[in-house]
Amino acid sequence: MHEHHARSGDLDWMNQLQHTKFHGYVHSVFDRTINVESIKNGELYTFACQHLDNAPNTMLIDIDRFSELAIEVNDIVYADQRIVHIGDQLSIAMDQVTTWECQLPRFPSDIESVINNLVITKDMALQRGKCGGMKPDLTSGSLFEQETSRLLSVRSLMLQEALLHHQVSDACRHAAGIIGLGPGLTPSGDDFLVGLLSTFHMENSPGRIYQGFGEKIVDVARTLTNEISYMALKQASKGRVRESITRLLHSITCGKQEELILSLDKVLTIGSSSGTDIVYGMISGLEINIQAGGTVCLPKL
């Protein structure tokens, strides 16, 4: 049995682990994360390596990778007082864990800096973002990849326009057209929606009127994408996203240029194209916020 310590964890899940009985089983195993499904509520929870960022339903462990452990799908997971056991391979002590809670920034009343920072964000996404999802790979010879990026671009723009015209049913239809679409464990369309939905939950956000749209998206997403990506959408519909996304939102809405560049680089490195797809969604969502608030929207990507 390998023994490790939890470094930090999502507040809600830490309370559940420490004050109630937790029983589940291993859903999926990757080099840097282990996903566990709760028997009680069917939700997915994640054990992640220490160099990743905090996220909803996630605990960071003082370990660099899980691939060296013989943890397998369907291994039993349970919490015994302040220790989590994963099969007969790993025990995780929670005696030194610090808690993390997703806190989105307040959308500012003076949006001049937001507009300026969005220009920088767009330029960096075009220059440094990873191709293959929302950002097309113009060098790829694959007609399938080119068509996928085209569909993502067209449908996401139609989604944005539908929301701005308060055509929620049309927006849901366009959103359904990108859920599950694109490469990666979390498809590009899903990542775009995670970024988009995050902007509607900021305090004072004009986009808060679209929170019901997020709930409708979750209703249709379960059969259109995989369980891991579905959980990310479900959390985002409640305004719960990973720490690097909240930091980027803070940097765009009220940060300095140097802070913005660092925060943006952090998100753009997520996954194969996930970070770039999330940023495209955040840009779209912030533009919707700006226009919904009565200010002329910036040119689209």
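Helix 2 and helix 8 pack at an angle of about 125 degrees, with their axes 6 Å apart. Axes here are lines fitted to C-alpha atoms, for helices over the stretch in contact, and angles run from 0 to 180 degrees between N-to-C directions. Helix 2 and helix 8 are therefore oblique to each other. Angles under 35 degrees count as roughly parallel, over 145 as roughly antiparallel, 65 to 115 as roughly perpendicular and the rest as oblique. Helices (H or I, at least four residues) and strands (E, at least two) are DSSP runs, numbered from the N terminus. The model is a predicted one, in which local features need pLDDT of at least 70 and side-chain atom pairs count only at pLDDT 80 or more, while totals for chains, interfaces and linings use all residues. Residues are numbered from 1 along each chain as its sequence is written, and side-chain values use heavy atoms, with hydrogens and water left out.

On the helix 2 side, Ser-113, Val-114, Asn-117, Leu-118 and Thr-121 meet Ser-251, Ile-252 and Thr-253 of helix 8. Contact means heavy atoms within 4.5 Å. These residues divide into three nonpolar, five polar and no charged. Ala, Val, Leu, Ile, Met, Phe, Trp, Tyr, Cys and Pro count as nonpolar, Asp, Glu, Lys and Arg as charged, and the others, Gly among them, as polar.

Helix 2 (residues 112-128) also packs with helix 10 (residues 274-292). Their angle is about 155 degrees, and their axes lie 11 Å apart. That makes helix 2 roughly antiparallel to helix 10. The crossing is left-handed, a term for a near helix turned anticlockwise from the far one by less than a right angle, with right-handed used if clockwise. Val-114, Ile-115, Leu-118, Thr-121, Lys-122, Ala-125 and Leu-126 in helix 2 meet Val-279, Tyr-280, Ile-283, Leu-286, Glu-287 and Ile-290 in helix 10. This contact divides into 10 nonpolar residues, one polar and two charged.

Helix 8 (residues 243-254) has a further partner in helix 9 (residues 257-268). Their axes come within 9 Å and cross at roughly 150 degrees. Helix 8 is thus roughly antiparallel to helix 9. Their crossing is left-handed. From helix 8, Ser-244, Ile-245, Arg-247, Leu-248, His-250, Ser-251 and Ile-252 take part, meeting Glu-259, Leu-260, Ser-263, Leu-264, Lys-266 and Val-267 of helix 9. Six of the contact residues are nonpolar, four polar and three charged.

In helix 1 (residues 11-19), Trp-13, Met-14, Gln-16 and Leu-17 are buried. They cover an arc of only 160 degrees around the axis, which puts them on the same side of helix 1. The arc is that of the directions from the helix axis to the C-beta atoms. The cover over these buried residues includes strand 1 (2-10), strand 4 (44-49), strand 5 (58-61), strand 6 (76-80), strand 7 (83-86) and strand 9 (98-100).

Met-59 sits in strand 5. Met-59 is buried, with a relative accessible area of 0%. Buried means under 20% relative accessible area, exposed over 50%, partly exposed in between (1.4 Å probe, protein chains only). Leaving aside neighbours within four places in sequence, the contacts of Met-59 include Trp-13, Met-14 and Leu-17. Among the others are Phe-47, Val-84 and Ile-92. The C-alpha atoms of Met-59 and Arg-7 are separated by 7.5 Å, at 52 residues apart along the chain.

Asp-219 is found in helix 6 (residues 211-221). At 65% relative accessibility, Asp-219 counts as exposed. Its C-alpha atom is separated by 10.0 Å from that of Tyr-230, 11 residues apart along the chain.
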